[in-house]
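Visitor: I am new here. Please show me the structure, and then let me ask a few things.

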Amino acid sequence: AVHCGGGSTPPSNTPVAAASESDMSGDTTSGQSASSTGASQSDMSNAANTSDAAPENSGAHSAMNLNDRQIFGVIDNVHETEIEQARLAQTKTKNAQVRQFAAMMIQQHSQAQQQGAALNLGNEESPLSQRLKTQSQAILQTLSSKQGEEFDRAYIEAQIVGHQQALDAIQNELRPNAQNPQLQMYLQELQPKVAEHLEHARHAQ
């Protein structure tokens, strides 16, 4: 089973933990769009717009053809992006709640990344993974330029944008194209965990 979520969660008295397990089990739908929360999120959204990973109203019909190795390449990129941003957050933030959220992202995305690697599918670049990589580099550069509370807000808002985009990509691009049964199961289990992370990020604002 994929364990990208459901691990050690922050204490209940922190904003990060405001999304309870009951909230998660009842609200893991994939079609929601992250709301605009200010100038920092606008920065993150502008960076995210370099990718068209999640076309609207595409339903179960993928807008592109991806093989299993390319699908894994996209997922591996998502995990690596979250881990890199979280490591940066741990070096820059002075906010204990943000640090706690970042630690959770490192632990859970690292675990999910290892479980994906165990499928032994190989990793192949695609236009989608390349766009996501370009976008993640732009976001990381934006975050690196911020300090203090401005960084904290920008990091959490980047998490909202990133997890919403990953959720849409899983639903609209990756699952419709996956052929390997183990990969299909991996994505099926990963999708609600990414939705859970999205809700944690929203409640951490």
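Guide: Start with a definition: buried means under 20% relative accessible area, exposed over 50%, and partly exposed in between, with a 1.4 Å probe and protein chains only. This is a predicted model, where local features need pLDDT of at least 70, side-chain atom pairs count only at pLDDT 80 or more, and totals for chains, interfaces and linings use all residues. Residues are numbered from 1 along each chain as its sequence is written, and side-chain values use heavy atoms, leaving out hydrogens and water.

Visitor: Is Asn 120 buried or exposed?

Guide: Asn 120 sits in the loop between α4 and α5 (127-144). Helices are DSSP runs of H or I, at least four residues, numbered from the N terminus. The relative accessible area of Asn 120 is 68%, so this residue is exposed.

Visitor: How far apart are the end C-alpha atoms of helix α4?

Guide: The expected span of a helix is 1.5 Å times one less than its number of residues. Helix α4 (residues 96-117) has 22 residues, so it should span 32 Å. The model agrees: the distance is 31 Å.

Visitor: Which helices do the buried residues of α4 pack against?

Guide: Phe 101, Met 105 and Ile 106 are among the buried residues of α4. Contact means heavy atoms within 4.5 Å. The partners are α3 (68-92), α6 (148-177) and α7 (181-203).

Visitor: Are α6 and α7 roughly parallel or roughly antiparallel?

Guide: Their packing angle is about 160°. Angles under 35 degrees count as roughly parallel, over 145 as roughly antiparallel, 65 to 115 as roughly perpendicular and the rest as oblique. Therefore α6 and α7 are roughly antiparallel.

Notes
Helix = DSSP H or I, 4+ residues; strand = E, 2+ residues; numbered from the N terminus. Axes fitted to C-alpha atoms, helices over the stretch in contact; angles between N-to-C directions.
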